[in-house]
Amino acid sequence: MQATDFGNPNHVALLVQQIRAKTTRPWTIMEVCGGQTHAILRYGIDQLLPDSIRIVHGPGCPVCVTPIETIDQAIQIASTPGVIFCTFGDMLRVPGSDGDLMQAKSRGADVRIIHSPMEAYQLALAESNQTGSNRQVVLFAIGFETTAPATAMAIRMAKEKNLDCFSALVCHVLVPPALEAIFSDENHGIDGLLAAGHVCTITGYHSYDAICNRFGIPIAITGFEPVDLLRGIWNVVEQLESQPRNDRVVNVYEHIATIQGNAHAQQTVDEVFALCDQTWRGIGILPQSGLKLKEKYALYDAQKRFSIRSDRSTEASPCRAADVLRGKIRPVECPAFGSLCNPGNPLGAPMVSNEGACAAYYLYQSIKEDKSQDLEVDR
Amino acid sequence: MCLAIPGQIVSIDTSGTLRMGRVDFGGVIQEICLEYTPEIAVGDYAIVHVGFAIAKLDLDRANEILATIDQLPLG
Ligand code: SF4
């Protein structure tokens, strides 16, 4: 049973009309969420918009920005005898400097796909109750602010139960520092921003005011359904077209996200994690843009538990992921797109994950003809 | 993996260490952790991400949004 219908073609048509009526100049609007990237391509929202509105995709896919060193560490840990390595399915085919987790699995590593960090915790709990087992369960903890509370709960529970067969390879990243890095580049070329609704559902959206003011970029907190996305775009266009400009952060995901966010989730994240500098694949090191385990949870740090090499991994390829992730080019503008690089032979992470921008363009470009049929609106 | 989807709370179980609930996603029932949404009740819609309910969907507000769109002038 569906709660609400945020994909109704009549509503879509009405919103597209408002946007068309408002738009007098070219605008570039960035979104930073893999779910939004997919919805935009899947429903052909980019095709419905006036030609002068260009949608670009920021570093909104946590799989895509997980640094190659971390993928290499994951493969090393997963390949350690006695380890049960738990990961979200999207990470399996992300290329490290030498192979991926899928290849490690086919060589015999016990790599398991999970849908929630709690599954890894439950597995560890079961292991600890099994006499004679000395297997180690390792959680590959990636994701943005939306996912960090789930990891934090798994780790908090592991500590409460004194589980010594559980640890996490943590690579959680935070959206606002990445946006600051992108907008600090004078030539960023972005006029407006759709902020990811689910990230804000957890964190609230206080921190976006500073970004809006500092960089003069109107921001709409936006959801994932066609109606949500179009309301976000409409709001940003309205702000961009208003004279004089009065750039603000506006929540158009108000049926779900609140300005304070989820205090319970924030508390658990604060209990378990501290801020740290973090490398983003394709972007580089961004200060205070990641989460690391606090000292009292250091026992659950897989990097410490397994003595892993940390050679500097290198990336040698024609991949333009760095430009895609900063919204400088769209995937189709990468020379390797669709030829050298495709989902069967991905050169970069954005072509692997089903939330990556390159994979989304590849998938939906090939079904373009059918694309706008679900949402018929004449241009 | 980043996706968060709405589901309806079918039942709530507070007997264990964590507040858990059974959530109906269009006919598929899943066990979800409700620890971060203590305000949520049976019948409510929750936004669920990687096994956790992260927010309550305010249905009245959602319907108001759709009603406002219905009022928009057709070009
Ligand atoms: S199309 Fe492939 S090579 Fe080009 S940026 Fe995307 S992942 Fe990299």
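B:Arg61 and B:Glu64 form a salt bridge, their closest N and O atoms lying 2.8 Å apart. A salt bridge here is a side-chain nitrogen of Lys or Arg within 4 Å of a carboxyl oxygen of Asp or Glu. The two residues are 3 apart in helix H1 (residues 59–70) of chain B, so about one helical turn separates them. Helices (H or I, at least four residues) and strands (E, at least two) are DSSP runs, numbered from the N terminus.

This is a predicted model, in which local features need pLDDT of at least 70, side-chain atom pairs count only at pLDDT 80 or more, and totals for chains, interfaces and linings use all residues. Residues are numbered from 1 along each chain as its sequence is written, chains are lettered from A and ligands numbered from 1 in the order in which they are written, and side-chain values use heavy atoms, with hydrogens and water left out.

## Salt bridges

B:Arg61 is partly exposed, at 27% relative accessibility. B:Glu64 is also partly exposed, with a relative accessible area of 44%. The classes are buried (under 20% relative accessible area), exposed (over 50%) and partly exposed (in between), using a 1.4 Å probe and protein chains only.

The pair belongs to a network of salt bridges that links A:Arg231, A:Glu254, B:Arg61 and B:Glu64. Side chains of opposite charge can pair when their charged atoms come close. Over all chains, the whole structure has 15 salt bridges. Three of them are set out here.

| Pair | Closest N to O |
|---|---|
| B:Arg61 and B:Glu64 | 2.8 Å |
| A:Asp247 and A:Arg245 | 2.7 Å |

B:Asp44 counts as buried, at 17% relative accessibility. B:Lys56 is partly exposed, at 37%. In chain A, A:Arg245 is partly exposed, at 37% relative accessibility.

A:Arg231 lies in helix H12 (residues 226–241) of chain A. At 14% relative accessibility, A:Arg231 counts as buried. Its contacts (heavy atoms within 4.5 Å) include residues of both chains: A:Leu15, A:Val252, A:Glu254, B:Ile65 and B:Ile69, leaving aside neighbours within four places in sequence.

## The ligand site

The ligand takes up the space of the largest cavity. A cavity is a set of points, on a 1 Å grid over the protein atoms alone, where a 1.4 Å probe fits but cannot get out. A molecule sits in one if more than half of its atoms lie within 2 Å of its grid points.

Around the ligand are 13 residues, of which A:Cys319, A:Ala321, A:Cys334, A:Cys341 and A:Cys358 come nearest. A residue counts as near if one of its heavy atoms lies within 4 Å. The shell has 11 nonpolar, 1 polar and 1 charged residues. Ala, Val, Leu, Ile, Met, Phe, Trp, Tyr, Cys and Pro count as nonpolar, Asp, Glu, Lys and Arg as charged, and the others, Gly among them, as polar.

## Backbone geometry

Most residues other than glycine have a negative phi, and most peptide bonds are trans. A:Gln243 and A:Pro244 are joined by a cis peptide bond, with omega about -5°. A:Pro244 is in the loop between H12 and strand S9 (249–251) of chain A.

A:Asn162 is not a glycine, yet has a positive phi of about 50°. A:Asn162 is in the loop between helix H8 (148–160) and strand S6 (166–173) of chain A. A:Asn162 is exposed, with a relative accessible area of 64%.

B:Val50 is not a glycine either, and has a positive phi of about 35°. B:Val50 is in the loop between S4 and S5 of chain B. B:Val50 counts as buried, at 8% relative accessibility.

## Two buried residues

B:Leu34 is in the loop between S3 and S4 of chain B. At 0% relative accessibility, B:Leu34 counts as buried. B:Leu34 touches B:Ile9, B:Ile12, B:Arg19, B:Met20, B:Gly21, B:Ile40 and B:Ala53, not counting residues up to four places away in sequence.

A:Ala359 lies in helix H16 (residues 357–365) of chain A. A:Ala359 counts as buried, at 9% relative accessibility. Beyond neighbours within four places in sequence, A:Ala359 contacts A:Pro350, A:Met351 and A:Ser353.

Definitions and conventions:
On a 1 Å grid over the protein atoms alone, a cavity is a set of points where a 1.4 Å probe fits but cannot get out, and a pocket is an open set with protein on both sides within 12 Å along at least five of seven lines; lining residues have an atom within 4 Å of a point.
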